[in-house]
Amino acid sequence: MADTMHALEKNPAWKGRRGPVVLVIMDGVGYGKYEDGDAVKAARMKYLDWFTANCPHTKLKAHGTAVGLPSDDDMGNSEVGHNAMGCGRVFAQGAKLVGESIANGSMFQADTWKKLVANVNSKGSALHFIGLVSDGNVHSHIDHLKAMISQAYKDGVKKLRVHALLDGRDVDPTSALNYITPLEEFLAGFSGVDYRIASGGGRMYMTMDRYNADWSMVERGWKAHVLGEGRMFESATKAIETYRAEIPGVLDQDMHEFVIAENGKPVGTIEDGDSVIYFNFRGDRALEITRAFETPKGGDFPFDRIRVPSVEYAGMMEYDGDAHVPAQYLVNPPSIDRTMGEYLTKTGVKLLAISETQKYGHVTYFFNGNKQGKFDEKLEDYIEVPSDVVPFEQRPWMKCAEITDKVIEAIKSGKYDHIRLNFPNGDMVGHTGVFNAVVCSMEGMDLQLGRLKSAIEEAGGILCLTADHGNSDDMYEHAKDGSVKMDKVSGEPKAKTSHSLNPVPGIIYDPEYKGEYDNTKLNDGLGISSWPATLMNLMGYKEPSDYDKSMIIWK
């Protein structure tokens with residue numbers, strides 16, 4: 001039976017340490033399967049190699065069913081990874097929940113779907129879908145979109161528009177036509193109705209900003225999707241082919257906007273009386289475009305929206321459970337309770353969470369079970385180091401030194417029992433596909449691991465190293481036989497920009513080890529959801545009875 005929420009029980013066998021227990025999340029750093037394309041192996045990782053050689057360590061699963069995704073073919077991601085590392089158990093996540101609600105029909109029986117469909121049917125207006133068109137299954141899945149379009153047709157919707165964001169991060173970087181052309185054919189296959197793609201563009205160029213990092217992305221999306229402003233084309237396929245011809249090697253994620261037009265007039269602007277569904281299930285890149293639709297005309301907003309249509313808007317899921325955003329959604333999110341942060345604060349543990357803007361929400365909101373704010377204002381400090389708004393391959397070191405400055409200061413202050421931090425380099429630079437930049441990002445991060453090692457030794461604390469998923473460990477596309485796929489134009493290895501399915505580190509460095517546990521090896525075969533039990537143990541507490549197994553092997 002699950003524990004009720006109360007303070008953690010002390011472990012009498014624990015002999016205590018002088019300093020804090022520090023968790024370092026090396027975002028996107030896994031154990032590569034192939035030598036070729038493994039930027040972690042290619043980098044000079046003096047300190048990470050030292051920890052691996054001298055500390056108890058294990059390989060942790062960070063994808064698929066280990067983080068609540070439908071199958072082990074599904075790559076992990078930062079959102080579900082931080083959920084797992086924060087709550088100590090595995091909850092069914094977005095992709096799985098949406099898939100189940102479509103399969104059992106509950107999505108279409110629910111009030112929100114019925115309301116949006118009734119709205120357009122009663123007014124003869126359009127139903128719009130905005131979202132990422134791929135099968136990456138990290139933010140969305142094209143099968144979910146197709147199932148909703150088919151249901152809309154059954155429900156009598158006459159006019160339907162898709163605003164298609166191109167992926168190239170969670171799938172092959174130049175695979176857009178594998179999704180867009182078949183989608184155009186799929187839409188054309190419904191007789192007696194007007195179904196088509198209306199606009200689109202790359203996910204890192206428009207619409208899908210997160211953490212208020214670059215509102216100009218949202219503005220570009222708004223202009224294309226809502227106002228129908230932007231470069232016009234006769235079809236989405238034609239738009240992608242044109243951009244490819246004009247900018248050889250352009251990645252899908254960076255492609256500029258396209259607006260589908262007939263006789264110079266956009267075919268799918270969003271108007272008063274329409275219904276709009278943002279069909280991505282993952283929350284971080286959904287909040288800003290949602291705010292654009294939900295903030296009333298004249299309301300305070302980061303850019304001039306020019307025209308704000310009065311629509312019925314819904315998200316695929318509730319993207320923020322505390323602020324209840326959006327107001328309407330199609331599928332209930334996982335209800336994550338009794339996270340590590342909640343237990344630690346109930347126990348009186350003083351803790352710090354820190355990263356730069358790109359992953360600040362991950363070490364706070366996602367780590368706390370999709371909860372905004374703190375469990376205890378007095379016991380928790382959160383620090384956001386502002387990220388640079390430049391392409392990550394141009395600043396591959398990102399803010400890892402600045403994050404480390406603040407963490408070392410926090411360790412020295414003696415204020416904290418527990419510190420968690422995220423170095424985003426392996427993930428954010430990994431997504432660019434620029435191999436040399438990723439190697440540089442790894443070496444920049446490794447220097448900071450060396451600085452943390454010294455600080456932990458001086459303070460008598462414990463340093464734990466891990467990741468939320470792999471990425472930088474798998475930077476080239478590989479064929480089934482393991483050989484590297486080559487780019488026909490450049491003759492270079494074909495860049496891979498998505499996450500990997502590789503395991504990630506579970507390393508514990510305890511310089512003032514006192515013999516309570518086996519410090520030569522850790523439990524094997526575990527997932528990253530084992531971190532909360534492990535960290536609680538290293539702070540001298542017993543984990544809740546239903547938490548996933550600790551890595552610690554007690555003597």
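Reply:

Let's take strand E5: strand E4 (residues 159-166) runs parallel to E5, and eight bridges join the two. This is a predicted model, in which local features need pLDDT of at least 70 and side-chain atom pairs count only at pLDDT 80 or more, while totals for chains, interfaces and linings use all residues. Residues are numbered from 1 along each chain as its sequence is written, and side-chain values use heavy atoms, with hydrogens and water left out.

A few words on the labels: helices (H or I, at least four residues) and strands (E, at least two) are DSSP runs, numbered from the N terminus. Two strands pair if DSSP finds at least two bridges between them.

Why is E5 largely enclosed by the rest of the structure? Seven of the nine residues in E5 (residues 194-202) are buried, so the strand is mostly covered. Buried means under 20% relative accessible area, exposed over 50%, and partly exposed in between (1.4 Å probe, protein chains only).

Zoom in on isoleucine 197. Leaving aside neighbours within four places in sequence, isoleucine 197 is in contact (heavy atoms within 4.5 Å) with residues including Val162, Ala164, Ile180, Leu183, Phe258 and Ile260. Ile197 also belongs to the largest nonpolar core, which has 115 residues; Phe129, Ile149, Ile197, Phe293, Met316 and Trp531 touch the most other members. The largest share of this core, six residues, is supplied by helix H9 (residues 215-227). Such a core is a set of buried Ala, Val, Leu, Ile, Met, Phe, Trp, Tyr and Cys residues joined through side-chain atoms within 4.5 Å.

The 13 residues of H9 should span 18 Å at 1.5 Å a residue, and its end C-alpha atoms are 17 Å apart, which agrees; the expected span is 1.5 Å times one less than the number of residues. After H9 comes glycine 228, with a positive phi near 70°.

Finally, what lies in the loop between E5 and H9? Threonine 207 has its place there, and threonine 207 is buried, with a relative accessible area of 0%. Its side chain makes a polar contact with the side chain of histidine 225 (2.8 Å). A polar contact is a pair of N or O atoms within 3.5 Å; within protein, one must be able to donate a hydrogen and the other to accept it, and residues adjacent in sequence count only if both atoms are side-chain atoms. Not counting residues up to four places away in sequence, threonine 207 touches Ile130, Leu165, Met217 and Tyr278, among others.
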